[in-house]
Amino acid sequence: MSVSITRKYPRCIATISAGFEKGDFLVREEKGQRVYFDFFEEAFNYIAAKGYSRMAKAEEGEWMDLMESVHASVKGGMKYNTGRLLMVLHKPLIPQRGDEYDNGPRYGEEPEMGDAAMLPMP
């Protein structure tokens, strides 16, 4: 397996696939959640708003090959229609320093205290 798939930081992946009866495009994301859309732009905007971004082309190709191989390994074929995989996206599992929702001190760091700030009493 390539180094790009086995990076050292944890992350979540999501996919956009095509070819379904409920909607033309399917977004699969965390915890197996599936959301159907009639237009690709809606699917992409939905998953991008959740912090996902498209993988680099080479890495995306590796994931696509891996998923194709996994689906092909199921005896008798997959139980459900897997559609045609169009795009693989990813996002960090742990918030990165500098994100607007990650302003607090990290474990082992002292919190920043203003001149008049006091620590709460136990």
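Author: Two strands pair if DSSP finds at least two bridges between them. Strands (E, at least two residues) and helices (H or I, at least four) are DSSP runs, numbered from the N terminus. This is a predicted model, where local features need pLDDT of at least 70, side-chain atom pairs count only at pLDDT 80 or more, and totals for chains, interfaces and linings use all residues. Residues are numbered from 1 along each chain as its sequence is written, and side-chain values use heavy atoms, without hydrogens and water.

Reader: What makes E2 and E3 a pair?
Author: Strand E2 (residues 25-28) and E3 are joined by four bridges in the antiparallel sense. The definition asks for at least two, so they pair. Phe 25 stands opposite Phe 37 in E3.

Reader: What lies between E2 and E3 in the hairpin?
Author: Five residues lie between them, and Lys 31 in the turn has a positive phi of about 55°.

Reader: Which residues of E3 are on the covered face, and which on the uncovered one?
Author: In E3 (residues 34-37), Val 35 and Phe 37 form the covered face, while Arg 34 and Tyr 36 form the uncovered one.

Reader: Why is Asp 38 called partly exposed?
Author: Buried means under 20% relative accessible area and exposed over 50%, with partly exposed in between (1.4 Å probe, protein chains only). Asp 38 has 47% relative accessibility, so it counts as partly exposed. Asp 38 is found in the loop between E3 and helix H1 (40-49).

Reader: How much of the protein chain is buried?
Author: Buried residues are 25% of its 122 residues.
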